[in-house]
Amino acid sequence: MSQDSDSLWVQRTLAGDAQAFGELVQRYERDVFNLAYRMLSERGEAEDAAQEAFMRAYTNLDRYDMERPFKTWLLSITSNHCIDRLRRRRLVWLSLEEPLPPHPALTSDIPGPEEEALTNERNVLVQEMLADLSPDYRLAVVLRYWYDMSYAEIAEMLDTTESAIKSRLFRARQTLADYLDAQPASARERVMEGS
Amino acid sequence: MPHDDQTLQQQMQRALDGELSGEELALLQSRLGESVQRAAGWERLRQTDELLRRTPLVAPSRGFTDRVMAAVVAMGVPEFARRHTSVGLALGLVAAALLAVPVLWAILFVIVSVLTDPGALGAVLETILAAAGAVANLLADLVDQAQAFAGETALLGAVFAGVTAVTIVWLGLIWRLLGGRGAQARRSKL
């Protein structure tokens, strides 16, 4: 999964081989979808957003700077698109006054049914916690925890300063901790099983 | 004290990010131990951090890549290819404009010369007729040489047919490289 290999597929796509882009989609579908899902909390909409992000990446591929990691560029496109969707969704919610949609079951790679159920339970709780954050805070948390990005990388992606990201993350962690603390003790213990 | 609280928060954040040395971590633990409230706050943060770290990436449904690629193919010519075509067209127009400048200057010069000196018109016409005569002579020589060559070479017909075939193949390849009929149609829609 090296950057060199990504650049090779990008160059082939730019040379007119559309199927070469399929290699990049396959390689990063999970990363892009996960970011969209964590931001939007709804599986169907997350798939639409992930697909749209890939399409935008494809049509703007000649603007990609090969000196930078392709994954970061792709995640940046995805996060911008998700923020746009959240803004549009907020307008719709304000007009319809509808509550958040329920969380559907999530897929997992873990084979055992009990472990899978626990992972799903954990996912649902984490998703509820993330939904409690503003989109900017949520994005910082997602990039930090699921993509292991440094403060500097997150700051660059979100076009802000490193100290702003540090502060944003600390407040986000406090909010998430308060949410977790407000859960029944049994639910907390269950999702923390094995730690 | 607010300053102390801020420092403590920064240290907790650094501890969660794994940036504290063993000594710094021990110092933090000792400060947290001074207050039950602080210790509980730290434990909540630590649990939250642990939960987030243990929550895996979620995958899209099966066939996601295929669906994306179907959409990509359905899109047809990508934007970057269109942009390249536009850039090529723009460069061609610039080159044509640059070439047109000296030609226009020459035409303007002739017109001004004729208007200011009627005698110059005759000189210009003489020059044009001389050039046309030279070209006609050159063509006549070429035709003579071709006829002589045809008389001497029985294979001329085969050579002519071969050159024609190669020319058609080359024209076909250039047409394909430019995107063929589909690209022409798409360009006409832009």
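Student: Why are H1(A) and H2(A) called roughly antiparallel to each other?

Tutor: Start with the angle. In this predicted model, H1 (residues 3-14) and H2 (residues 18-40) of chain A pack at about 150°. Angles over 145 degrees count as roughly antiparallel. The pair is therefore roughly antiparallel.

Student: What else describes the packing of H1(A) and H2(A)?

Tutor: Their axes are 7 Å apart. H1(A) passes H2(A) in a left-handed crossing.

Student: Which residues make the contact of H1(A) with H2(A)?

Tutor: H1(A) supplies Asp6(A), Trp9(A), Arg12(A) and Thr13(A). From H2(A) come Ala18(A), Ala20(A), Phe21(A), Glu23(A) and Leu24(A).

Student: What makes up that contact by class?

Tutor: Five residues are nonpolar, one is polar and three are charged. Trp9(A) and Phe21(A) are in the contact, and Trp and Phe count as nonpolar.

Student: How do you know that the length of H8(A) agrees with its number of residues?

Tutor: Take 1.5 Å times one less than the number of residues. H8(A) has 20 residues, so the span should be 28 Å. The end C-alpha atoms are 28 Å apart, which agrees.

Student: Which residues of H8(A) are called buried?

Tutor: Ile165(A), Arg168(A), Leu169(A), Ala172(A), Arg173(A), Leu176(A), Ala177(A) and Leu180(A). The test is 20 or more other C-beta atoms within 10 Å of the residue's own. These residues are buried by that count. Two arginines, Arg168(A) and Arg173(A), are on the list.

Student: What do the buried residues of H8(A) pack against?

Tutor: Within chain A, they pack against H5, H6, H7 (151-157) and H9 (185-191). Helix H3 (36-54) of chain B joins that set.

Student: How many residues of chain A are in contact with chain B?

Tutor: 41 residues of chain A touch 31 of chain B. The cut-off is C-beta atoms within 7 Å. H2, H3 (43-59), H5 (113-131), H6 (135-146) and H8 (162-181) of chain A each give two or more residues to that side. H2(A) has the largest share, 11 residues.

Student: What classes make up the side of chain A that touches chain B?

Tutor: 21 residues are nonpolar, 11 polar and nine charged.

Student: How many helices and strands does chain A have?

Tutor: Nine helices and zero strands. Of its 195 residues, 32% count as buried.

Student: What share of contacts in chain A links residues 24 or more positions apart?

Tutor: 61% of the contacts with a separation of 6 or more.

How values were computed. Residues are numbered from 1 along each chain as its sequence is written. Chains are lettered from A and ligands numbered from 1 in the order in which they are written. This is a predicted model: local features need pLDDT of at least 70, side-chain atom pairs count only at pLDDT 80 or more; totals for chains, interfaces and linings use all residues. Axes are lines fitted to C-alpha atoms, for helices over the stretch in contact, and angles run from 0 to 180 degrees between N-to-C directions. Helices (H or I, at least four residues) and strands (E, at least two) are DSSP runs, numbered from the N terminus. Angles under 35 degrees count as roughly parallel, over 145 as roughly antiparallel, 65 to 115 as roughly perpendicular and the rest as oblique. A crossing is left-handed if the near helix is turned anticlockwise from the far one by less than a right angle, and right-handed if clockwise. Two residues are in contact if their C-beta atoms, placed from the backbone, lie within 7 Å. A residue is buried if 20 or more other C-beta atoms lie within 10 Å of its own, exposed if 12 or fewer, and partly exposed in between; C-beta atoms are placed from the backbone.
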